[in-house]
Amino acid sequence: MAENGMPIVDTAVEIAKAYDTLQYLMGMVEVDAMERRQIQTSAGSIPVSIVGGFLGAGKTTLLRRLLIAPHNMHITAIVNDFADLNIDAELIADVADDAIALTNGCVCCSQSGGIARVLTKLTADTSVPELVLLETSGVADVWAVAQTVESLPGFRIDCVTTVVDAAAVAYSGKVDYLLQRQTVAADLLLLNKMDLVSPATAAEAETRLEQLAPRAQILRTIDCAVPHDVILSPRYHASGELGRSIVDDSHFSALRLVIDGPIDRTVLERCLSALPSGVLRIKGFLRLSDSPNCLQALQVVGRRWRLNPVENEVSSEGQLVVIGLEGAMEKNLVQAHFAPAGFQVLSL
Ligand SMILES: [Zn+2]
């Protein structure tokens with residue numbers, strides 16, 4: 001324990017333990033994974049690994065890691081965003097050989113036909129992928145996505161991974177319902193952002209996940225740092241019947257913020273320090289006036305936010321997507337909040 005009572009040492013021990021577990025798992029799966037994959041690929045179906053989790057949990061971070069890793073496979077990444085602007089697809093564009101953006105609806109509900117079309121089209125490609133990585137939208141019912149994929153001839157699910165923000169395991173209302181559905185369907189749960197929570201919060205979060213998904217394996221992560229083999233190994237178990245979700249993408253809404261030219265850092269900080277109520281998530285690309293040559297990816301989750309430099313060019317520069325619960329996020333409040341900083345608000 002540190003002097004002020006913050007259990008810093010405990011966190012370090014927890015992280016070390018988590019890494020021990022990962023080392024062990026790596027040893028276990030590395031030899032096995034290729035063998036199992038060869039047997040299953042010979043059966044003729046294309047494996048799909050589903051990555052789900054609520055808005056801002058870290059799904060795209062995980063996807064980037066998996067695509068960068070030395071996997072020696074032809075992977076096609078499908079990135080779904082229920083808004084018509086796909087920021088996540090642009091965030092993986094520089095590391096993916098094949099990336100397909102699926103926008104304008106969520107793959108568990110309004111775009112379930114879209115995912116079926118995209119996947120079926122892959123089977124006709126001259127170079128059929130050895131693995132499909134499917135990142136669902138943050139509002140997707142992961143169980144329903146798995147049902148859709150399972151029903152498609154020529155495909156099988158390898159693994160359903162749900163990324164969970166350790167600091168946000170207890171929401172309320174519709175969001176909590178969705179979090180439960182995303183968790184129950186998982187084979188693997190990444191309790192992510194461990195660097196942002198106390199050991200007590202982490203333990204509480206883990207207990208809740210264990211109760212929701214007793215068969216899933218839970219790994220504690222920072223920035224989704226897991227050996228790629230852990231995720232890319234087949235381990236799917238079909239979860240029981242959950243029935244149709246009472247929450248779909250119509251319960252969430254998105255707005256687009258557009259800014260012309262760089263923004264002052266202080267102005268941006270002020271803007272993000274007190275967001276209008278109902279805003280759950282903001283993501284997009286902009287430039288700061290103190291470093292106009294450097295494009296930045298802005299990620300806002302709840303009250304936390306961060307900027308990361310982006311190397312590649314993106315088509316949605318100067319644009320942000322703001323996501324909130326339908327009815328709880330008012331367009332004119334968002335407009336009034338961001339307009340003084342130079343943003344224009346558009347409906348999506
Ligand atoms: Zn959906």
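Two strands are said to pair if DSSP finds at least two bridges between them, and with that rule the sheets of this predicted model can be described strand by strand.

**The antiparallel sheet**

Six strands form an open sheet in the order β11-β10-β9-β12-β8-β13, and their pairing is antiparallel. The strands β11 and β13 (343–347) stand at the edges with a single partner strand each, so one side of each is left without a neighbour in the sheet. On average, and with direction ignored, neighbouring strands of this sheet are turned by 20° against each other. Within the sheet, β9 and strand β12 (residues 319–325) run antiparallel and are joined by six bridges, and K283 has V321 in β12 as its bridge partner. Helix α10 (residues 331–338) lies across β8 (252–259), β9 and β13, and α10 runs at about 165° to β13.

**The parallel sheet**

An open sheet of seven strands has parallel pairing, with the order β3-β2-β4-β1-β5-β6-β7. Its edge strands are β3 (98–102) and β7 (217–220), each of which has a single partner strand, so one side of each is left without a neighbour in the sheet. Here the neighbouring strands are turned by 20° against each other on average, direction ignored. Strand β1 (residues 46–52) pairs with strand β4 (residues 131–135) in the parallel sense over four bridges, and V51 finds its bridge partner in E135 of β4.

Which strands does α2 lie across? Helix α2 lies across β1, β2 (75–80), β4, β5 (155–165) and β6 (188–192), and its direction is at about 160° to β4. Helix α5 (residues 142–150) also packs on the sheet, where α5 touches β1, β4 and β5 and makes an angle of about 170° with the direction of β5.

As a general point, rolling a probe the size of a water molecule over the atoms shows where empty space is left.

| Pocket | Space | Lining residues by type |
|---|---|---|
| Largest pocket | About 870 Å³ | 12 nonpolar, 12 polar, 15 charged |
| Second largest pocket | About 280 Å³ | 10 nonpolar, five polar, one charged |

The largest pocket, with about 870 Å³ of space, is lined by 39 residues, of which T61, D223, Q299, R306 and N308 are the closest to its centre. At least two lining residues come from each of α2 (59–68), α3 (87–92), β9 (279–288), β10 (291–301) and β11 (304–309), and α2 gives the most, with six residues. Why does the largest pocket lie between domain 1 (14–232) and domain 2 (249–347)? Both domains give residues to the lining of the largest pocket, so it lies between them.

The second largest pocket, with about 280 Å³ of space, has 16 lining residues, and the closest to its centre are P276, S277, G278, V279 and R303. The elements that give two or more residues to this lining are α9 (265–273) and β9. Domain 1 (14–232) and domain 2 (249–347) both give residues to the lining of the second largest pocket, so this pocket also lies between them.

How values were computed:
Residues numbered from 1 in each chain as written. Predicted model: local features only at pLDDT ≥ 70, side-chain atom pairs only at ≥ 80, totals over all residues. Heavy atoms only, no water. 1 Å grid on protein atoms, 1.4 Å probe; cavity = no way out; pocket = protein on both sides within 12 Å on 5 of 7 lines; lining within 4 Å. Points joined across faces, edges and corners; volume = space filled by probe spheres on them. Nonpolar A, V, L, I, M, F, W, Y, C, P; charged D, E, K, R; others polar. Domains from an automatic or database assignment. Axes fitted to C-alpha atoms, helices over the stretch in contact; angles between N-to-C directions. Contact = heavy atoms within 4.5 Å.
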